[in-house]
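Today I wanted to look up what surrounds the ligand.

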Amino acid sequence: MAIEPERPAGPIKILVVDDAADAREVLQTHLEDAGYAVRTCAGVEEALQALERAVFDVIITDLRMPKANGLELIQHVRANLQDVEIMMVTGYPSIEGAVEAVKTGAEHYLAKPFTEQELLQAVAAIVDKLSRKRLAHGSAKAGGTHGIVGASSAMQHVFKSIDKAGGNTATVLIAGESGTGKELVARAIHYAGPRRNAPFVSVNCTAIPENLIESELFGHVKGAFTGAGSTRAGFFEIAEGGTLFLDEIGDASLAMQGKLLRAIQEKTIYKVGSSRAIQVDTRLIVATNKNLPQLIGQGLFREDLYYRINVIDIPLPPLRERGDDLLLLVNRFHARFAKDLNRPVPFFSDEALRQLMAYHWPGNVRELENLMQKLVLMCEGARIESVDLPPQMRAARPVARRLDRSLAEHEAEYIREVLDSVRGNKTKAAAILKIDRKTLREKINARR
Ligand SMILES: Nc1ncnc2c1ncn2[C@@H]1O[C@H](COP(=O)(O)OP(=O)(O)OP(=O)(O)O)[C@@H](O)[C@H]1O
Ligand SMILES: [Mg+2]
């Protein structure tokens, strides 16, 4: 998954492009008075340079300018930047100009002359759209960073650790249940630090046969063993200057653990079949879904290696302990899959959402991600009801009968369930409940 650049917090940043100095000044004054941060450019070329150097939220551009015109700017922006809104302003209001601008990718159009109020209204509408779009993508505004969605305090802690780890080369241990985002965090650490331009190499310790592990990690020289036809670099060397991510370290054999310990302690490796020490500058990040202290107790994991890898320790909480992050993730995945699959974004009934929140998510974020993909495919933009969820989620309601609720609460819940079962169709629900639609409506409204 791509790592998104973090969007700096602060005021909305607007780039104003107009060849007329007085027009630039008017726009700048009005917008700055309204609290926006504004940068002005006199032409397309200057604007392209500004866009290379800084991140903007909104671009307001004139259509007709000498040299390159506004349409060229819009085309460039649409081809290269995603998270920015464009508004076209022109002193020659013509249908063709507007149509052309919208076709090219300017979603907003404002004809000159305009009043200050018209300008600010138009910009406010754009900003509103932008923040809803960003919320749906679970981007920085939704509390996430490094492409990792999360606003819960548990995840805030993780973000702080990522930033801390990004700034140095200490070994990191990421521990968490399967599907909690361990690899995502490892990548974020790599890309948060000065090693971002060097390789990130991900190796799963369980995926390599035991007899090949040593040569895969450290390389081998020609003739070291049958089949070693030529000298080869191992993962430590391939990741030189960058990061080596060793996944499922808890499954490494004791023999391999010993070799890893030596590589970490001495910052040197030996190719299989060679006694020459090779210095390597490879940052190590390891991950596990096992409880390493417990493995140490069972004699399956070396305690000395544990202390070596546990310099920075990032425990990843399971999804069920991240509270409302679930909703942010639902939005992020929905928006992404709807876009990828070119389908409308579906939404959830209250009951279906309640069940998602109550479910214990043994597969964590990956399980949620897979489910959202299925639902986007299946529901085609319609409302997702409880019946659309997998059976194990529908069973997630409290099993024990609660004996502390009023009749009205029971009635409200039952009405909700019936409505869900008929996809919100009030006529059908009223028929099942044997009440008329007016009574049903009153009962629904009474609970709002
Ligand atoms: N906080 C998050 N925000 C957005 N996407 C996430 C988040 N956490 C996990 N994901 C996504 O969930 C999926 C699983 O994440 P990842 O592979 O990093 O988990 P893992 O802990 O390494 O899993 P496993 O133990 O199965 O190897 C990936 O597609 C990842 O992009
Ligand atoms: Mg993984």
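Predicted model: local features only at pLDDT ≥ 70, side-chain atom pairs only at ≥ 80, totals over all residues.

**Around ligand 1**

I began with the helices (DSSP runs of H or I, at least four residues, numbered from the N terminus): H7 (182-192), H13 (325-340) and H15 (364-379) each give at least two residues to the shell around ligand 1. Residues are numbered from 1 along each chain as written, chains are lettered from A and ligands numbered from 1 in written order, and side-chain values use heavy atoms, without hydrogens and water.

Next I checked who is near (a heavy atom within 4 Å). There are 18 residues around ligand 1, and Val149, Gly179, Lys182, Arg366 and Glu369 come nearest.

Then I looked for polar contacts to the ligand (N or O atom pairs within 3.5 Å). A polar side-chain atom of Arg366 sits 2.6 Å from an oxygen atom of ligand 1. For Lys182, I found a polar side-chain atom 2.7 Å from a ligand 1 oxygen. Glu183 uses a polar backbone atom, 3.1 Å from an oxygen of ligand 1.

Definitions and conventions. Polar contact = N/O pair within 3.5 Å; in protein donor to acceptor, adjacent residues only side chain to side chain.
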